[in-house]
Amino acid sequence: MLALTDTAATKFREMAAGTANPESQMLRISYAGYGWGGPQLGLALEELQRDDDLVVETNGVRVIYHKDLDNHISNLTLDYGDRWYNKGFRFTGKGTGVCG
C-alpha cells in the first residue's frame with residue numbers, strides 16, 4: 001500500500017491550508033510520462049474524485065489516483081525533502097528506477 005512519511009503529510013497539509021477549501025483537498029498522483037526508470041508521476045492538490053479513481057488514506061492524507069496506476073505505486077513511499085540540494089516530494093521504494 002502507498003505510504004506517506006510524516007514529513008510529506010505535513011507538507012501536504014501546509015499546501016492545502018493555502019487553498020479556499022483545505023479540508024476537502026486530496027493529493028492526486030497522476031501519470032506524467034514514461035522514462036528509463038519507469039513511469040514519471042505528477043502530484044497536485046485535488047478536490048474531486050473521478051469514477052475511475054482509487055482513494056487511499058495514509059498518515060491522515062487522502063491520496064487519489066487512477067486505478068491503472070495502482071500496480072506502479074502500491075508499494076511506494078512518498079517523502080518530502082527540504083534540504084537545498086534535495087527539496088521537494090520524491091517517491092522511494094520498489095519500482096523507483098534511476099536512469100544511467
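Student: Which residue in β5 is the bridge partner of Val55?

Tutor: Good place to start! Ile64 is the β5 residue bridged to Val55. Keep in mind as we go that this is a predicted model.

Student: How do you know that β4 and β5 pair, and in which sense?

Tutor: Pairing asks for at least two bridges between the strands. β4 and β5 (residues 61-66) have 6 bridges, in the antiparallel sense, so by that cut-off they count as paired.

Student: What makes β3 and β4 the edge strands of their sheet?

Tutor: The open sheet has 4 strands in the order β3-β2-β5-β4, with mixed pairing. β3 (38-46) and β4 (53-58) each pair on one side only. On average, neighbouring strands here are turned by 30° against each other, direction ignored.

Student: And what is the strand order in the open sheet of 3 strands?

Tutor: That order is β1-β6-β7, again with mixed pairing. β1 (3-4) and β7 (86-93) each have a single partner strand, so one side of each lacks a neighbour in the sheet.

Student: How do you know that β1 is paired with β6?

Tutor: The cut-off is at least two bridges, and 2 bridges join β1 to β6 (residues 76-83), the two running parallel. Within this arrangement, Ala3 stands opposite Thr77 in β6.

Student: Which helix packs on that sheet, and which strands does it touch?

Tutor: Helix α1 (residues 6-17) touches β1, β6 and β7, and its direction makes about 70° with that of β6.

Student: Now the rings: how many aromatic pairs are there?

Tutor: The count comes to 2 aromatic pairs.

Student: Why is the pair of Tyr80 and Phe89 called edge-to-face?

Tutor: Two values decide this. Ring centres must lie within 6.5 Å, and planes over 60 degrees apart count as edge-to-face. For Tyr80 and Phe89 the centres are 4.9 Å apart and the planes stand at 65°, so the pair is edge-to-face.

Student: Why is Tyr80 called buried, and what is Phe89?

Tutor: Buried means under 20% relative accessible area, exposed means over 50%, and partly exposed is in between. Tyr80 has 12%, so Tyr80 is buried. Phe89, at 27%, falls in between and therefore counts as partly exposed.

Student: What makes Trp84 and Tyr85 edge-to-face?

Tutor: Use the cut-offs of 6.5 Å and 60 degrees again. The centres of the Trp84 and Tyr85 rings are 5.4 Å apart with planes at 85°, so this pair is edge-to-face.

Student: Are Trp84 and Tyr85 buried or exposed?

Tutor: Both Trp84 and Tyr85 are exposed, which means over 50% relative accessible area.

How values were computed
Residues numbered from 1 in each chain as written. Predicted model: local features only at pLDDT ≥ 70, side-chain atom pairs only at ≥ 80, totals over all residues. Heavy atoms only, no water. Contact = heavy atoms within 4.5 Å. Axes fitted to C-alpha atoms, helices over the stretch in contact; angles between N-to-C directions. Phe/Tyr/Trp six-rings, centres within 6.5 Å; stacked < 30°, edge-to-face > 60°. Buried < 20%, exposed > 50% of the residue type's maximum accessible area, 1.4 Å probe, protein only.
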